[in-house]
Structure formats: structure tokens, C-alpha cells
Amino acid sequence: LFAVLVALYEEPEKPNSALDFLKHHLGASAPENPEIEILRLEVAEMKEKYEAVLEENEKLKTKV
């Protein structure tokens with residue numbers, strides 16, 4: 001963080017937004033990898049399946 005702040009200070013043409021400068025240099029504004037979105041969707045799908053299995057498990061427990 002210190003190095004990025006020094007880079008901002010030493011920048012000859014000051015950016016309009018210091019926050020955007022920091023985000024850019026810290027990698028926060030980097031475009032997301034398509035694989036990350038695929039993995040997020042997969043995690044959401046797995047969570048749904050997990051909830052369904054838990055519900056089914058509770059129903060089966062009540063039958064026993």
C-alpha cells in the first residue's frame with residue numbers, strides 16, 4: 001500500500017480520483033476471470049443441491 005501511495009505522489013499527472021488510482025494499482029479493478037464466474041455458479045448449484053439433500057434427510061428421519 002505504501003508503494004502505491006508513493007507512486008500516486010510521484011505521478012506527474014494527478015488522476016481525477018485517487019481511489020480509482022489505488023484500486024487500479026492494487027488490482028481491485030481488474031476484470032474478472034471467466035473461470036471465476038463459472039466456479040461461482042457451480043458453488044451456487046452445489047449449495048442448492050446440499051440444501052435439497054438436507055431437506056430430504058430430515059424427511060427420512062421423521063419417517064424412521
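This is a short tour of the structure, one selection at a time.

**The whole chain**

Keep in mind from the start that the model is predicted. Begin by colouring the protein chain in two parts: domain 1 covers residues 1–30, and domain 2 covers residues 31–63. Taken over C-alpha atoms, the centres of domain 1 and domain 2 are 39 Å apart.

**Stops in domain 1**

Select Y9 and K14. K14 sits over the face of the Y9 ring, and its distance from the ring centre is 5.7 Å. While a ring is on screen, how many aromatic pairs does the structure hold? The count is zero.

Next, show L1, L5 and L26 with their surface. These residues make a nonpolar surface patch of about 310 Å². To place one of them, find helix 2, which runs over residues 18–26; L26 belongs to that helix.

Side chains of opposite charge can pair when their charged atoms come close. The count of salt bridges in this structure comes to four. Three of them are visited here, including the one between E37 and R40.

Select E37 and R40. Their closest N and O atoms are 4.0 Å apart, and the two residues form a salt bridge. Both lie in helix 3, which spans residues 34–63, and they are three residues apart, or about one turn of the helix.

Move along helix 3 to E55 and K59. Here the side chains meet in a salt bridge, with 3.5 Å from N to O. Where do the two partners stand relative to each other in the helix? K59 and E55 are four residues apart in helix 3, so about one helical turn separates them. E55 counts as partly exposed because its relative accessible area is 49%.

Now select E58 and K61. This is another salt bridge, with the closest N and O atoms 4.0 Å apart. K61 and E58 are three residues apart in helix 3, which means that about one helical turn lies between them. K61 is exposed, with a relative accessible area of 52%; the cut-off for exposed is over 50%. E58 falls in the partly exposed class, at 46%.

N57 is partly exposed, and its relative accessible area is 35%.

**Looking back**

The Y9 and K14 contact and the patch of L1, L5 and L26 can be kept on screen together with the E37–R40 salt bridge.

Key: Residues numbered from 1 in each chain as written. Predicted model: local features only at pLDDT ≥ 70, side-chain atom pairs only at ≥ 80, totals over all residues. Heavy atoms only, no water. Phe/Tyr/Trp six-rings, centres within 6.5 Å; stacked < 30°, edge-to-face > 60°. Lys NZ or Arg CZ within 6 Å of the ring centre and 35° of its normal. Patch = residues over 30% accessible without salt bridge, like charges linked within 9 Å, V, L, I, M, F, W, Y side chains within 5 Å. Areas by Shrake-Rupley, 256 points an atom, 1.4 Å probe, with all protein chains shown as cover. Helix = DSSP H or I, 4+ residues; strand = E, 2+ residues; numbered from the N terminus. Domains from an automatic or database assignment. Buried < 20%, exposed > 50% of the residue type's maximum accessible area, 1.4 Å probe, protein only.
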